[in-house]
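Me: I am new to this structure and would like to learn how to read it. Please take me through a few features one at a time.

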Number of protein chains: 2
Amino acid sequence: MPIGSFHPPLRTLMGPGPSNVDPRVLEAMSRPTIGHLDPLFITLMDEIKTLLKYAFQTQNELTLPISGPGSVGMETCFVNLVEPGDKVIVCQNGAFGGRMRENVIRCGGTAVMVEDNWGDPVDPQKLEDALNSNPDARIVAFVHAETSTGATSDAASLVELAHGHDCLTIVDAVTSLGGTALKVDEWQIDAVYSGTQKCLSAPPGLSPVSFNERAKERIRTRKSKVQSWFMDLNLIMEYWGAGSQRTYHHTAPVNSLYALHEALILLQNEGLENAWTRHQNNHKLLLAGLEAMGLSLLVEKSHRLPQLNSVRIPQGVDEAEARKTLLKDYNLEIGAGLGPLAGKIWRIGLMGRTSTSDNVMLCLRALDEVLTNIGADINSGRALSAAQGV
Amino acid sequence: MPIGSFHPPLRTLMGPGPSNVDPRVLEAMSRPTIGHLDPLFITLMDEIKTLLKYAFQTQNELTLPISGPGSVGMETCFVNLVEPGDKVIVCQNGAFGGRMRENVIRCGGTAVMVEDNWGDPVDPQKLEDALNSNPDARIVAFVHAETSTGATSDAASLVELAHGHDCLTIVDAVTSLGGTALKVDEWQIDAVYSGTQKCLSAPPGLSPVSFNERAKERIRTRKSKVQSWFMDLNLIMEYWGAGSQRTYHHTAPVNSLYALHEALILLQNEGLENAWTRHQNNHKLLLAGLEAMGLSLLVEKSHRLPQLNSVRIPQGVDEAEARKTLLKDYNLEIGAGLGPLAGKIWRIGLMGRTSTSDNVMLCLRALDEVLTNIGADINSGRALSAAQGV
């Protein structure tokens, strides 16, 4: 029996990413493939760099999408900046700080962990203490917007502390880019990586990164070769660099770049600050509805990400079963908790194109119905009107 | 002035890849994105594995597409199989053997090079000599189908020699998969990687790989951690592995996988051996036309790849200018030479969906016109009828 074509259903993607992709972006992705050294493609690459600089709020020349998902962007930062023997302070307040630690170790570095509870922001005081106790640290790494918890940390302050101790900074902005304030130049972030499938609402598979002059200087003056050939920025720059002469490094994911280009045009046309405001407004609607149902968020108000809402699961609810019903009966995907938060929270994403008031209402109605049907202890029937009243 | 949408022209892609993507595959790529842990997506992943096993002619359970271009597939093989201090024999007869060497070194291994001229196949005698002189070698790596030259090597014999000396084999099948005979199980290849943008005619961005039990055993018994977190097969398998329980590792490039799935269905429907025959037949047409013009191929008849034809550039021709004219006036892309072959050859690809008799005729007519117009010393006007007479 031969295998037939795959026709996915129309899901509403309110998990931790991917988010819903605009039909314009999907259509762009299906435009005819051209060569990765075609002069017209070089123009496209230049435009993507310009649009990414806008999204990151940076003038960094070395701003480009790495040809792999966000994890490759993360690894690109670490393999280029960490040399064997380097000490790196990693602030962990969720799943992705742990992945950073793994990266440091695999680069031959030493990771000094600064731990905060999952759901809390990174505590600047703890970072400062770690910097004082580790004067030989060369890099500070932290997650700006923790996708596993929905907490944001004060990136500007953390970077300032790191610079005060002569450390470079690597910042995970996978979930913040395009959804909430991220100002790479103003905050003086040295190296930053993100993903396409969160608040940019392009399909997953690419990782925008940006490096400032300090980071480039560190890479230029490395004593050892970057351990990854594919992620070696010295080589990647010969393909993505300035000027019309580009040296073949790898075959770029041409159609994925069409999609990213179109998604960035949507962001340009909306305006970055308008997009931030939209994310904030729809978060308020969702929160009003959730609170009217009697549900609460994991993260304190001052550190909440509008695009990733961690909702405490009501007692006695089979959370996996509830998610399955939402998916089956409402074509609605929400996310499970990771690590210590598994079984304790749902993660409701309002990222990129998913962040609309219609989707908020769909989610509130579906959650209300599913939880009421299984007899959960909630205030049934109040969520929608509460959200509408915002 | 805001940046506008990108609308690529309809190119005929007869370079070394990407090849032309079937409209069915482009359409599949633009289907709505679903989550990377959606149960329906897990089904799609399983089908892709089944279809890839067919394409590779293998029963290897560990057969999957890596979420990055072919270079990431290459690096995945090396970082998982090479440990610091390992000696690896690398057969080089073109550009990609050199890249393999870079990978070995960056994994902390020692590369023993077996060199053949660019355009020649790997000489089994030279490999045997190297194996005899290096009884401590643990791996033999070579390129099955050299994209930089158009030469194929006798993979079955090279693997047999390696196994006779207790070495594992890593084989680059980027250009052979789907275009010319590749029999992973029959030839007992231990680890193999390929790309999607050559004879599979999916857009670039994924790298199908396959590992047999011997290779898996080597990975299981490593003394050190795989240096790349993203490419660590121990972790990747928890997401791509058997069973319905999948552990999140990275966000899969969902839409790119839709495209690969559809491209593999086209291959399944045509039949693998029919695809090989089609590639061979269209190569014969092209060759008849080229020879009638007085042009010749770099590679000896017995080692020619039908899907990648390296054509010697006639004396006095500005090859870059000719390619530019082909692109501008005919929307036809052909490839330049790499490394020592730069300026000496063009690379004409007849890969995947590009391999049709219509495209051969278009290419012959365009080449004839362009070369005649610039006064090159060719037999004008004979190519088409020669090809039609095959």
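This is a predicted model: local features need pLDDT of at least 70, side-chain atom pairs count only at pLDDT 80 or more; totals for chains, interfaces and linings use all residues.

Me: How do I read a pair of packed helices?

Reply: Two packed helices are described by the angle between their axes and the distance between the axes. Here, helix H3 (residues 70–81) and helix H4 (residues 95–106) of chain A pack at about 40 degrees, their axes 9 Å apart. Helices are DSSP runs (H or I, at least four residues) and strands are runs of E (at least two), numbered from the N terminus. Axes are lines fitted to C-alpha atoms, for helices over the stretch in contact, and angles run from 0 to 180 degrees between N-to-C directions.

Me: What word describes how H3(A) and H4(A) lie to each other?

Reply: H3(A) and H4(A) are oblique to each other. Angles under 35 degrees count as roughly parallel, over 145 as roughly antiparallel, 65 to 115 as roughly perpendicular and the rest as oblique.

Me: Which residues of H3(A) and H4(A) meet?

Reply: From H3(A) come A:Met74, A:Glu75 and A:Phe78, and they meet A:Arg99, A:Met100, A:Asn103 and A:Val104 of H4(A). Two residues are in contact if their C-beta atoms, placed from the backbone, lie within 7 Å. By class, the residues of this contact of H3(A) with H4(A) are four nonpolar, one polar and two charged. Ala, Val, Leu, Ile, Met, Phe, Trp, Tyr, Cys and Pro count as nonpolar, Asp, Glu, Lys and Arg as charged, and the others, Gly among them, as polar.

Me: Where do the domains of chain A lie?

Reply: Domain bounds come from an automatic or database domain assignment. For chain A, that assignment gives domain 1 (24–268) and domain 2 (272–388). Their contact takes 23 residues from domain 1 of chain A and 22 residues from domain 2 of chain A.

Me: How many residues do chain B and chain A give to their contact?

Reply: Chain B gives 65 residues and chain A gives 65 residues. On the side of chain B that touches chain A, the largest share, nine residues, comes from H9(B). That side of chain B has 27 nonpolar, 26 polar and 12 charged residues.

Note on methods: Residues are numbered from 1 along each chain as its sequence is written. Chains are lettered from A and ligands numbered from 1 in the order in which they are written.
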